[in-house]
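Open the structure in your viewer and keep the selection panel handy. We will go from one stop to the next, picking out a few things at a time.

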Number of protein chains: 4
Amino acid sequence: MSYAKQMLKTYPRDFNVDAGVLAAAIEALSDCAQACTGCADDCLSEQNVAELTRCIRLNLDCADICTATLRVASRQTEYDANVTRSLLQACVAACRSCGDECGRYEEMYEHCRVCAAACRRCEQACNELLAAIG
Amino acid sequence: MSYAKQMLKTYPRDFNVDAGVLAAAIEALSDCAQACTGCADDCLSEQNVAELTRCIRLNLDCADICTATLRVASRQTEYDANVTRSLLQACVAACRSCGDECGRYEEMYEHCRVCAAACRRCEQACNELLAAIG
Amino acid sequence: MSYAKQMLKTYPRDFNVDAGVLAAAIEALSDCAQACTGCADDCLSEQNVAELTRCIRLNLDCADICTATLRVASRQTEYDANVTRSLLQACVAACRSCGDECGRYEEMYEHCRVCAAACRRCEQACNELLAAIG
Amino acid sequence: MSYAKQMLKTYPRDFNVDAGVLAAAIEALSDCAQACTGCADDCLSEQNVAELTRCIRLNLDCADICTATLRVASRQTEYDANVTRSLLQACVAACRSCGDECGRYEEMYEHCRVCAAACRRCEQACNELLAAIG
């Protein structure tokens, strides 16, 4: 069982969002932050780094936004739906832009293929959490 | 001159957003992240911390979101308006919730008064940057 | 296979550290950041939050330090051993302090038990990575 | 008066470190994180980005470490000297490496000159805070 699930199980009060949907989003956010940090670094080591600057920039943005969203989504105490919802929407936008850009290189670079998949899965998990929040 | 302004001045390409509006937003985001981190810690040291859990939670969220927004707004290379815009909107929501909550305690706790002011200024600076981005 | 392992596999150049030790550290750092963020929030929701302020404070520190260490350790390009080594040492100190504090409550609070275990595993994984770096 | 100083003034308990030294470190850490984030982005926009990958990588590391150090140093509640001290040492190492690398380009790139100065000032402020902590 992941730490995301374990920590949700130990929360001392009730929470309204479906725990399975929340845990899936937390895991996808953590994976996507990790993939984007790695992909930015891999791009920096490619010979044609000059062609990958848009990919690197969006990787850095997406890693920062996923990390913040991961933290906010992990907090249950005195939950504020407006803050969580608008941040999840920003995360969807970041994952879409970064996933699209990495997707352009996925036949050329394995790290872009892996990162594009992580972005798409995270975008979907955030949308599912948005639907569950209502 | 602040580092935000100095770094914007040294950017090697053109950028479309008004540099003064952008620098003001970056400084307000940095101040707000700092104020929220401090206010969460100050609340933890208050005797009636149990009444301040909503304030602490929103302080932590607002600090995380301002820090991510600060980083994204500071990047000019291959700027993606959708990502920046949706993140600024999330930051406005966080600053409003946190500023309102801190505002409830501003006559009781000086740190909440200072933090509420930082949140309101940041909310306004983000809205001004959103207007400039269009 | 975790994203940490997948991203390490796709790195376009050679790297000197054992990939298995590095991937284990990255996963332990990610788990520990997640556990500490969750434990701080769980503590905030406990009735006797006033007794848990040291636990919350160390959870926040440990989450921030693990997140930074996770990012630095994930980067292979132009690796600087001095920076990575000193940050891993700081992370070991944070995991030890936080694990000890959570450990004091592990019979009372399940979230502290889970978090203490995550801190201890992360401390060990950082020490193993330090030994591999040399 | 900066927010760092204002927040330190409002802290509800005593703290042992000299407030002036602490506030100077917090401001230098915030400036350095900002300068490094900006310099990494500026480097990405330079035509010869391929020669600047070491600078970018160290900028990213230094921004992450300064941000974590800024947060930890800003917390006064239940202060743990071991954690703060070891993190400040890691921050000194990061500022030195990044400042040296940026310094190699300071006659060529204005952003590297500004960033090298921010790193050196932050290294000194962290060392002064280390001396004050003892």
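Predicted model: local features only at pLDDT ≥ 70, side-chain atom pairs only at ≥ 80, totals over all residues.

Start by selecting B:Tyr105: with a relative accessibility of 10%, this residue counts as buried (buried means under 20% relative accessible area, exposed over 50%, partly exposed in between, using a 1.4 Å probe and protein chains only).

Residues are numbered from 1 along each chain as its sequence is written, chains are lettered from A and ligands numbered from 1 in the order in which they are written, and side-chain values use heavy atoms, with hydrogens and water left out.

A search of the whole structure turns up four aromatic pairs over all chains. Rings of Phe, Tyr and Trp (its six-membered ring) pair if their centres lie within 6.5 Å; planes under 30 degrees apart count as stacked, over 60 as edge-to-face and the rest as tilted. B:Tyr105 and B:Tyr109 make a tilted pair, because their ring centres are 6.3 Å apart and their planes meet at 35 degrees. Now jump to chain D, where D:Tyr105 and D:Tyr109 form a tilted pair, 6.3 Å centre to centre with 35 degrees between the planes. D:Tyr105 is buried at 10% relative accessibility, and D:Tyr109 is buried at 9%.

Next, colour chains A and C. Here 36 residues of chain C are in contact with 36 residues of chain A (contact means heavy atoms within 4.5 Å). About 3100 Å² is buried between them, 55% of it from carbon and sulfur atoms; buried area is the accessible area (1.4 Å probe) that two parts lose on being put together, summed over both. On the chain C side, select C:Tyr3, C:Met7 and C:Gln34, which lose the most area to chain A, together 23% of what that side buries.

How many salt bridges are there between chain C and chain A? The count is two, a salt bridge being a side-chain nitrogen of Lys or Arg within 4 Å of a carboxyl oxygen of Asp or Glu. Zoom in on A:Asp64 and C:Arg71, which form a salt bridge with their closest N and O atoms 2.7 Å apart.

For the last stop, select residues 53-74 of chain A: this is helix H3, with 22 residues. Of these 22 residues, 21 are buried, so H3(A) is largely enclosed by the rest of the structure.

Definitions and conventions:
Helix = DSSP H or I, 4+ residues; strand = E, 2+ residues; numbered from the N terminus. Expected span 1.5 Å × (residues − 1).
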